[in-house]
Amino acid sequence: MARISAPLLGLLLLCCFGFLAPPASAEYVKYKDPLQRLEVRIRDLMNRMTLAEKIGQMVQLDRAVVTPEILRDYSIGSVLSGGGSVPLPKATPQDWINMVNGFQNGSLSSRLGIPMIYGIDAVHGHNNVYKATIFPHNIGLGATRDPDLVKRIGAATALEVRATGINYVFAPCIAVCRDPRWGRCYESFSEDPEIVQQMTDIILGLQGEIPENSRKGVPFVGGLDKVAACAKHFVGDGGTTRGINENNTLTDWHGLVSIHMPGYYQSIIKGVSTIMASYSSWNGEKMHANRDLITNFLKNTLKFRGFVISDWQGIDKITDPPHSNYTYSVLAGVQAGIDMVMVPFNHTEFIDTLTGLVNGEFIPMSRIDDAVRRILRVKFTMGLFENPLSDQSFLDQLGSQAHRDLAREAVRKSLVLLKNGENADGPVLPLSKKAPKILVVGTHANNLGYQCGGWTITWQGLSGNNNTTGTTILSAIATAVDPSTEIVYRENPDSNFMTCNNNFSYAVVVVGELPYAETAGDSRDLLIVEPGYNVISNVCGRVKCVVIVVSGRPVVIEPYLDQMDALVAAWLPGSEGNGVADVLFGDYGFTGKLPRTWFKTVDQLPMNVGDANYDPLFAFGFGLTTEPVQAN
């Protein structure tokens, strides 16, 4: 073989090692060093940032208008999926991961490589995503009175969110709904602030248990299997006049802090990472522009150290009509203390407007620095700088059997038994599994979309059984009863059908509300959707009947209650209808308690426990119980 001379060998080794060694000009960067203290990393990074990069971090854009190049060139701080905003219909977890990682690589290619945070409305499970576990909406969870259950649901939701590569959820909603006419009442755990406080344990499930002796108000996210949470909507969103969404909450300071604020005290103590401002006003002042409450009280008095985010186009709605004076809206919102703005479409307009306000000295640089410091604190706490890309090891968590079992447990604990026969006749429930022939009827008996409600796959929710995976109440009943039992199903049986078919052992009538979200759900009459009342009238009285109401709130029941042999409030139970059958047939007992007052007529509203003229159909906290049967 050919020989290489010693001088030549030395030259080759020098070239090789020179190529492998870092360039002499390589700089040690403190903010990239995980061994440095958090505040040191934040300070080092901020000292390197231009005004444009800082303002970019304050922007959140919907995925529909984002490209990796926009994220790179504008140093955009966050991307979100609005309700129903998905990579493609029935997207798989891998589809989601590919999208999120593509965006993240755009952020990482920016001058400073600041990772973006991706947010989504996971308000009853990972509800935007096909085949995710859909848990009961918050009103049902409030009926369980079980903070440990809610914490476990938070942990399961975090895993399913991480399965799609996402790391930030706009949950929990800790509104205290004081009027069921509000279209977001099902997003509220209860009319009672004490129950809402207890249910903030969901934050510990989403983000992880905060370490002992942690500094109050500092955000905490406990690992790659957890997500940043968002308590919303600050503050008073559930107290608006006549329950009108985004309207005005008229109450004094005592009413605000004793009813609507306690959930935020607990959320901050539990390390919530972000808080979302409310569209609503307090005594005429828009919350998105309320500096006294956002900066002076939330940040300075309560010592919240995470970031405050606007709602979707929230600053636009500071003016009426929205966006009619955008410069004023940006000025008022940012000066009030909003740190990240859910723009969510036109980033250049927001960036140019805010840049002009800072350069014109209408907004001080200290306000921009406060916002960016808070955003970076959350990102560093999440470990985003060390692990910016999605962890594919969670792919099998989406819709896992363990999570569906947990949702089933939540369903059976959330059901509230409001009537169970008359005293003279004895209880109707639990039902026999071995009845020869039974009737199942109603619009909601075999409709998974109705069962899940709004914020499911799309913003407003859907009808039908092909939009995601789950078990309808009808299917659950079919699985629960003996194979010899004949089940007859009719969505809308008329009186003629009932006259000709009167040999049923019992009937299960499942009726309720159509899906809705936000303003679309505001209701003056709170009626069950037609033909619900006709179905009750046609069936009940001719055969022993159990009525199950699937709704996001109490609805008008009178004058039909006397016709019913049993009545169950099922709320919006989600994808696991088997939980309904579990208690109907006595495998488990009814234990749920009303999380809110059930009125007699809408003319009584608003009516909450403790009011002077409290005269409900069913009082707050009411709920009959049954014992499980050993063999059915």
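A: A cavity is a set of points on a 1 Å grid over the protein atoms alone where a 1.4 Å probe fits but cannot get out; its lining residues have an atom within 4 Å of a point. The model is predicted, so local features need pLDDT of at least 70 and side-chain atom pairs pLDDT 80 or more, while totals for chains, interfaces and linings use all residues. Residues are numbered from 1 along each chain as its sequence is written, and side-chain values use heavy atoms, without hydrogens and water.

Q: Which residues lie nearest the centre of the largest cavity?

A: Ala122, Val123, His124, Gly125 and Ile202 do, among 15 lining residues. By class, with Ala, Val, Leu, Ile, Met, Phe, Trp, Tyr, Cys and Pro nonpolar, Asp, Glu, Lys and Arg charged, and the others, Gly among them, polar, this lining has 11 nonpolar, 4 polar and no charged residues.

Q: How does the lining of the second largest cavity divide by class?

A: That lining has 2 nonpolar, 4 polar and 4 charged residues, including Arg184, Asp237, Glu246 and Asp311.

Q: What is the strand order of the open sheet of 6 strands?

A: Strands are DSSP runs (E, at least two residues), numbered from the N terminus, and two strands pair if DSSP finds at least two bridges between them. The order is β12-β17-β16-β15-β13-β14, with mixed pairing. Because β12 (416-420) and β14 (486-490) each have a single partner strand at the edges, one side of each is left without a neighbour in the sheet. Strand β13 (residues 437-441) runs parallel to β14, joined by 5 bridges; Lys437 has Glu486 of β14 as its bridge partner.

Methods
On a 1 Å grid over the protein atoms alone, a cavity is a set of points where a 1.4 Å probe fits but cannot get out, and a pocket is an open set with protein on both sides within 12 Å along at least five of seven lines; lining residues have an atom within 4 Å of a point. Helices (H or I, at least four residues) and strands (E, at least two) are DSSP runs, numbered from the N terminus.
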